[in-house]
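The sequence and the coordinates are shown first.

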Amino acid sequence: MDDLSFEAPTGEITVLVGPSGCGKTTSLRMINRMIDASEGRILLDGVPVQGIDPPTLRRGIGYVIQQAGLFPHRKIVDNIATVPYLLGWDRKKARARAMELLERVGLDPALAGRYPFQLSGGQQQRVGVARALAADPPVLLMDEPFSAVDPIVRTSLQDELLRLQSELNKTIVFVTHDIDEAIKLGDRVAVLRVGGRLAQLADPKTLLAEPADDFVREFLGHDRGIRRLQFVSTEGLRLRTDLTVPEGSDGGSPEPWLLVVDGDGRPVGWRSAVRPGELEPYGTFVRGRDSMRAALDAALLSPSGCSVAVDEQGKVVGVATRDALDRALSEAVHG
Ligand SMILES: Nc1ncnc2c1ncn2[C@@H]1O[C@H](COP(=O)(O)OP(=O)(O)OP(=O)(O)O)[C@@H](O)[C@H]1O
Ligand SMILES: [Mg+2]
């Protein structure tokens, strides 16, 4: 590490991202003193960690690593209760806590009596998270915790972490080399370059909009423009409500495309004026909740070029035409 300086705010997820060998793991391990920094200071709530003895320090810091790092000869419940046992909790209380956490991270309590090798990779990762949370530490260090699982499992583990975090508000330092994961999870993202130097520290939206230099720009990838749209709200998108027709009606409208809606107000398909006998596919987004990226994606799914805005129940609230999307996009991107 070379003159690295950053703050990980209380209750937020700070992501360290960067190429292999840039010093992400080293940075994490300096926080809980598995490695001691040769120079400089690391402050936890204003107190230099160098002055706290490692066991005491680590009691307040959960640590999750790639491959979960579970003890192979201990049952899942005992793996999760590792730190409570070390802290001298009585067995019953420690196990009760472990069972509660098992459910918290989305695992079936029936898995408690199994051994790690009897769990899938994704399940083991969840156990790793549960174990790190067992003594309710205010700080969590996570070193590529989801990198050993397939993309679908990874997505669900990420969603689970965000859900947990919205309840627990831990101070998390999360390491990954996956920029998409960094952007999804981070309240703030620190991009490191080889040599342990900070290239940029920003919230994901700013990072995508204003990369500090060519290294960061390259690291963010070539579809940066599209990905920025995931931070643009669909709240203000102008919707037309005159382009829907009930199923069964044949209405003679001058519009080239009409959205057919069923009796419950849900979309059925697009009807073109050219071939009214056939319904064409549609794409939807939830207005307000989904981003402009989702709205644009929905438009691309349909030959009509329009995307269908629905509410949380899936009922149509309006249609965003290509014009409306164009206007919203250009305002969002160019101000
Ligand atoms: N104990 C050590 N002693 C000396 N050098 C080390 C030690 N551990 C790591 N390094 C070196 O420090 C640099 C940073 O390693 P580190 O493990 O922090 O990288 P990383 O960013 O976590 O990479 P990856 O994405 O591959 O996990 C590397 O060049 C590595 O070889
Ligand atoms: Mg590493």
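The text below covers confidence, the sheet, a helix and the ligand.

This is a predicted model, in which local features need pLDDT of at least 70 and side-chain atom pairs count only at pLDDT 80 or more, while totals for chains, interfaces and linings use all residues. Residues are numbered from 1 along each chain as its sequence is written, and chains are lettered from A and ligands numbered from 1 in the order in which they are written.

The predictor's confidence in each residue, pLDDT, runs from 0 to 100. Its mean over the protein is 90, with 99% of the residues at 70 or more.

| Element | Residues | Mean pLDDT |
|---|---|---|
| Helix H11 | residues 224–228 | 83 (lowest) |
| Strand E14 | residues 307–310 | 97 (highest) |

Six strands form an open sheet with mixed pairing, in the order E4-E5-E6-E1-E7-E8; two strands pair if DSSP finds at least two bridges between them. Strands E4 (61–65) and E8 (197–202) stand at the edges with a single partner strand each, so one side of each is left without a neighbour in the sheet. Within the sheet, E1 (residues 13–17) and E6 (residues 171–176) pair in the parallel sense over five bridges, and Thr14 has Val173 in E6 as its bridge partner.

Ligand 1 is surrounded by Ser20, Gly21, Cys22, Gly23, Lys24, Thr25, Thr26 and His177, where near means a C-beta atom, placed from the backbone, within 6 Å.

Key
Helices (H or I, at least four residues) and strands (E, at least two) are DSSP runs, numbered from the N terminus.
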